[in-house]
Amino acid sequence: MNSVSTTPLPPATLKDAAVEVKGVNVVFHRRGSEPYQAVTNLSFTIPQGTVFCLLGPNGSGKTTTINVLNGLLRPTGGDVRVSGLDPTRDRRELLRRIALVPQETALYNELTGAENLEFHAKYYGVAPREVRDRIAHVLELVGLTDRATHRTGTYSGGMQRRLALARALLTDPEVLFLDEPTLGVDVQSRQAIWERIEQLADEGKTVLLTTNYMEEADALGREVHIIDHGATVAHGTQAELKAMVQGSRVVLEFAAPERADRARAVLDAVSPTTVPSEGSLSIAVPRGVETVAFLRQVLDEINAVGGVTGFRFSEPSLQDVFLHFTGRALRD
Ligand SMILES: Nc1ncnc2c1ncn2[C@@H]1O[C@H](COP(=O)(O)OP(=O)(O)OP(=O)(O)O)[C@@H](O)[C@H]1O
């Protein structure tokens, strides 16, 4: 499942690049306020048949980038190609080759799952003789065959997201854009969606997904591109990104979340901390001669706060990479 690779990325050639983004800028002009630069000099290439994660906090420009790629938004500057097409100029042709799963699933809650798919298939011109088979196929893919005749208003959030994915697959797209595909989804559905995404890439489809879940970016794909305030923070395979962060981390577990909060206030002065889960803190430990002195200082500080119930070392996560480059946690 986890496709972390330690080998460097081979350069994508123009021939096998499904998505190319070069120096893209997006500036929004908002009435009564200064122009707002939502995307700054963004560049990346996605080879065909791979999964690519755009990881960033809320408001970092992920949806804006997706809108540029599917031709909804013309960039202020830069160059974009999707399946070799210019998304705004060749939008009609582009829409035949791509599919988008937006954050809002926009299903018809009064219709059943199968009826939602049928409506979409007809709207997007799937050949009538193929509609039934395609619907059965995509329902099977997302594991919703047995709920096909139920109204989607009765589906859980995770099931609605899976149906939205099925809907996008009806037209057999070459490239799929998934905007935060597991936002607010339960753990089981999340796992099912991750598996489908990897399977799609194995079948030759190209998938760009946005997320602000670092676990998602860790679990999926060949390359992660981290953005903040619309600009690139770092990019590479998961292993390459983690290798950019020097040293191990110490994770401290506390008896209660309030204790962890108090310790964080104290320890942030020593080294920026992250919060892997409520009631615990993760602190970067410098390598080299200062390691022992650093650990002694941390232990002295938390001894004063009290309430520590556990202590372990851990290797860097993508959260740590984000913290390393921006000075703050992804989800702060
Ligand atoms: N049409 C618009 N006009 C003006 N500002 C906009 C417009 N669309 C987005 N923005 C601003 O651009 C920034 C990036 O927004 P965007 O929706 O791309 O972020 P995001 O990373 O997808 O966030 P989230 O994770 O919350 O979905 C935000 O500050 C947002 O308010």
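Which residues in α9 meet which residues in α10? The views below are of a predicted model, and the first of them takes up this contact.

**View 1. Helices α9 and α10 and the residues between them.** From α9, Arg-259, Arg-262, Ala-263, Val-266 and Leu-267 take part, and they meet Val-298, Glu-301, Ile-302 and Val-305 in α10. By class, the residues of this contact are six nonpolar and three charged, with no polar ones. Helix α9 covers residues 257–267 and helix α10 covers residues 291–305; their axes come within 10 Å and cross at roughly 140°. The two helices are therefore oblique to each other. The crossing of α9 and α10 is right-handed.

**View 2. Helices α3 and α4 at their crossing.** The axes of α3 (residues 113–123) and α4 (residues 128–141) come within 10 Å, with a crossing angle of roughly 130°. Because of that angle, α3 is oblique to α4. The crossing of α3 with α4 is right-handed. On the α3 side of the contact are Gly-113, Ala-114, Leu-117, Glu-118 and Ala-121, and on the α4 side are Val-131, Arg-134, Ile-135, Val-138 and Leu-139. Seven of the contact residues of α3 and α4 are nonpolar, one is polar and two are charged.

**View 3. The open four-stranded sheet.** The strands of this sheet are ordered β11-β12-β10-β13, and the pairing is antiparallel. The edges are formed by β11 (273–274) and β13 (308–314), each of which has a single partner strand, so one side of each lacks a neighbour in the sheet. The partner of β11 is strand β12 (residues 280–284), and two bridges join the pair in the antiparallel sense. Within this pair, Thr-274 stands opposite Ser-282 in β12.

**View 4. The open six-stranded sheet with helix α5.** Here the strand order is β5-β6-β7-β3-β8-β9, and the pairing is mixed. Strands β5 (98–101) and β9 (231–236) are the edge strands, each pairing on one side only. On average, neighbouring strands of this sheet are turned by 15° against each other, direction ignored. Strand β3 (residues 51–55) and strand β7 (residues 206–211) run parallel and are joined by five bridges.

**View 5. The residues around the ligand.** The shell around the ligand holds 13 residues, of which Phe-28, Ala-38, Lys-62, Thr-63 and Thr-64 come nearest. Two or more residues of the shell come from each of β2 (36–47) and α1 (62–69). Helix α1 gives the most, with three residues. Sorted by class, the shell around the ligand has eight polar, three nonpolar and two charged residues.

Notes: Residues are numbered from 1 along each chain as its sequence is written. This is a predicted model: local features need pLDDT of at least 70, side-chain atom pairs count only at pLDDT 80 or more; totals for chains, interfaces and linings use all residues. Axes are lines fitted to C-alpha atoms, for helices over the stretch in contact, and angles run from 0 to 180 degrees between N-to-C directions. Angles under 35 degrees count as roughly parallel, over 145 as roughly antiparallel, 65 to 115 as roughly perpendicular and the rest as oblique. A crossing is left-handed if the near helix is turned anticlockwise from the far one by less than a right angle, and right-handed if clockwise. Two residues are in contact if their C-beta atoms, placed from the backbone, lie within 7 Å. Ala, Val, Leu, Ile, Met, Phe, Trp, Tyr, Cys and Pro count as nonpolar, Asp, Glu, Lys and Arg as charged, and the others, Gly among them, as polar. Two strands pair if DSSP finds at least two bridges between them. A residue is near a molecule or strand if its C-beta atom, placed from the backbone, lies within 6 Å of it.
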